[in-house]
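Please examine the structure shown below. The explanation that accompanies it moves from individual side chains to a feature of the surface.

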Amino acid sequence: MDAIRGGSQSALARLMDQCWPELVRYAARQVGDLDLARDIVQETFIQIWERRRAWKPRGSARAYLYRIVRNLVIDEKRKQAVRRRWLATRDSRPATHVVTPDQVLDAKLLTEVFERAVAALPDRRREVFELVFQRGLSHAEAAKVMGLSTQTVANQMSAALRAVRKTVADSGALEG
């Protein structure tokens, strides 16, 4: 991990070679889907690389990897539960509303504006926003993941929401 923290891509490759199969097996047992497990483990190594400078040794690298995989599995299960609830709600309502091509275009434009607004946030604010708003973590959970105080996460989240709302409002994407 010290070599990875220093920017050694070959050290990351060695760590992947050593741990990939066991992490994929672990994730697959948790989510029940081999392809999804591979995606989760791939995301784990992406996070290792992106956050390498912030890593502070508190145990073995293997335990650190398992913790990241475990957190990503939890995130995935939350997303799946939200999707199931949304689909159950959607399926229980009568389909009386027909979506027009204009509405589809408006939704696409709004999505593009939203994604650009999120991408324009400062790095730490964007990470807080993604963990809380898009991945469903609580402020306390996001604080723990990022090594911040809960209040800092709350402040960053408020600022992110204000910025995204302003960008969307200024774009006129909600007019119609």
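The model is a predicted one, and residues are numbered from 1 along each chain. Q47 has a relative accessible area of 10%. Because buried means under 20% relative accessible area, Q47 is classed as buried. Leaving aside residues up to four places away in sequence, Q47 touches I68 and L72.

The relative accessible area of Q30 is 32%. This residue is therefore partly exposed, since that class lies between the limit of 20% for buried and that of 50% for exposed. When residues up to four places away in sequence are again set aside, Q30 touches V73 and K77. Q30 and K77 are 47 residues apart along the chain, yet a distance of 9.2 Å separates their C-alpha atoms.

Attention now turns to charge at the surface. Which residues gather in a patch of positive charge there? The patch is formed by K56, R58, R67, R70 and K144. One of these residues, K144, has its place in helix α7, made up of residues 139-146. K144 has a relative accessibility of 73%. Since exposed means over 50% relative accessible area, K144 counts as exposed.

Taken together, the residues described include buried Q47, partly exposed Q30 and exposed K144.

Terms used:
Predicted model: local features only at pLDDT ≥ 70, side-chain atom pairs only at ≥ 80, totals over all residues. Heavy atoms only, no water. Patch = residues over 30% accessible without salt bridge, like charges linked within 9 Å, V, L, I, M, F, W, Y side chains within 5 Å. Areas by Shrake-Rupley, 256 points an atom, 1.4 Å probe, with all protein chains shown as cover. Salt bridge = Lys/Arg side-chain N within 4 Å of Asp/Glu carboxyl O. Lys, Arg positive; Asp, Glu negative; His and termini not counted. Charge placed at Lys NZ, Arg CZ, Asp CG, Glu CD. Helix = DSSP H or I, 4+ residues; strand = E, 2+ residues; numbered from the N terminus. Buried < 20%, exposed > 50% of the residue type's maximum accessible area, 1.4 Å probe, protein only. Contact = heavy atoms within 4.5 Å.
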